[in-house]
Amino acid sequence: MSDAVSPRPPIPAESAPAPPGMGTLFLTFLVLGGTTFGGGVVAYLREVLVTRRRWIDDEEFLTALEISQALPGLNAVNMAILVGDRLRGVRGAVAAGLGITLPGTAVVFVLGLLYASHGETPAVAGVLAGVGAAAAGLLAAVAVQLGRRQLTQLPDAIIVAIACVAVGGFRVSLVVILLTLAPIAVWWYRPRA
Amino acid sequence: MSQLWPLAGVFGLLSILAVGGGSAVLPEMQALTVTTHRWLTADQFVAIYSLGQLAPGPNMLMVGVIGYRVAGVLGAVVTMLAFFLPASLLCFGAGRLWLHLAQWPWRQSLQLGLAPVAIGLMGAGALALARTSVDSLATAAIALAVVVLILRWHVNPALLILGSGAVGWLLLG
């Protein structure tokens, strides 16, 4: 266990290839950050990191995903940090985190500047109105997809409904939800001896 | 200049609150940036979020554009750092701890309990977006079509975003 959490395990797991160089690591995540669209990032990460590059195995991938989802932060960025740390320590985490965010940041800034100068034209407003409506639909669909299990089990479905209606309908502050509903939900699943 | 501290405070808070991913904080982000601080209008907020959908990679990178509108390049840098650094540091530290906690019984409780909260918050994010962006029959039809096409036929979301932009250009432009 302890070697798995040190920045660079002295003895790599058997048959695991040598950790990638910093350049390769950064470039791989840069390409991931520049070519994934519309929330498919996690599936694509698995394809590249586990199947194609074989840097980590499926179990390590699922553990990283578990941590990413349980903690605050964007799942894709958290995944990059965890995998970067696993492969090359602190510097690997920084390289992977920057790699996955830089391409999108550059694109969004160019779009932002264009919006600032052309945002009032009817054509741009029309495109953004269409994309905005699609974004709402996309988020709802992703919530349903990810929540298939939660939506079919009564206690979970109740928690989903309370969070959704309280924040989305009654505009209850997220802080309130995380200080009340979240602890209750965790308590519901408390370890039973 | 005077807006840099509020920007850092708002997005630093959102960073820590983003349990279950960035979309969980959308309603709170909209409330804080539009209603509380009046940095932008609800329409501009949704427009900027929509821009983010057209960019590759993680889907909340558009927070930098909000910072840029409020306080220029420095505002963008402060906002990005405030939104990404706290959660990233937390994840880095927790990642190293997590394996030590393999036998800790509450680890599974945390996962099982937080998952439905995160799903509910994602739904709330969709509602918050829809409240501003779905304002006509055409936009309602687009949103509904996207939901059905993804859930029923697993159409690639990137294609749907681009297609909806094209439909918006033709019908709403």
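Biologist: Which residues of α6(B) are buried?

Modeller: Bear in mind this is a predicted model, where local features need pLDDT of at least 70, side-chain atom pairs count only at pLDDT 80 or more, and totals for chains, interfaces and linings use all residues. Residues are numbered from 1 along each chain as its sequence is written, with chains lettered from A and ligands numbered from 1 in the order in which they are written. Buried means 20 or more other C-beta atoms within 10 Å of a residue's own, exposed means 12 or fewer, partly exposed is in between, and C-beta atoms are placed from the backbone. For α6(B) that gives T139(B), I142(B), A143(B), V146(B), V147(B), L149(B) and I150(B).

Biologist: Why do the buried residues of α6(B) line one face of the helix?

Modeller: The arc is taken from the directions from the helix axis to the C-beta atoms. On the other side of α6(B), L137(B), R152(B) and W153(B) are exposed. The buried residues line one face because, down the axis of α6(B), they fall within an arc of 170°.

Biologist: Is L49(A) buried or exposed?

Modeller: L49(A) sits in helix α3 of chain A, residues 41-52; helices here are DSSP runs (H or I, at least four residues) and strands are E runs of at least two, numbered from the N terminus. With 25 other C-beta atoms within 10 Å, L49(A) is buried.

Biologist: Which element gives the most to the side of chain B that touches chain A?

Modeller: In total, 88 residues of chain B are in contact with 91 of chain A, contact being C-beta atoms, placed from the backbone, within 7 Å. With 23 residues, the top contributor is α5(B).

Notes. Contact = placed C-beta atoms within 7 Å.
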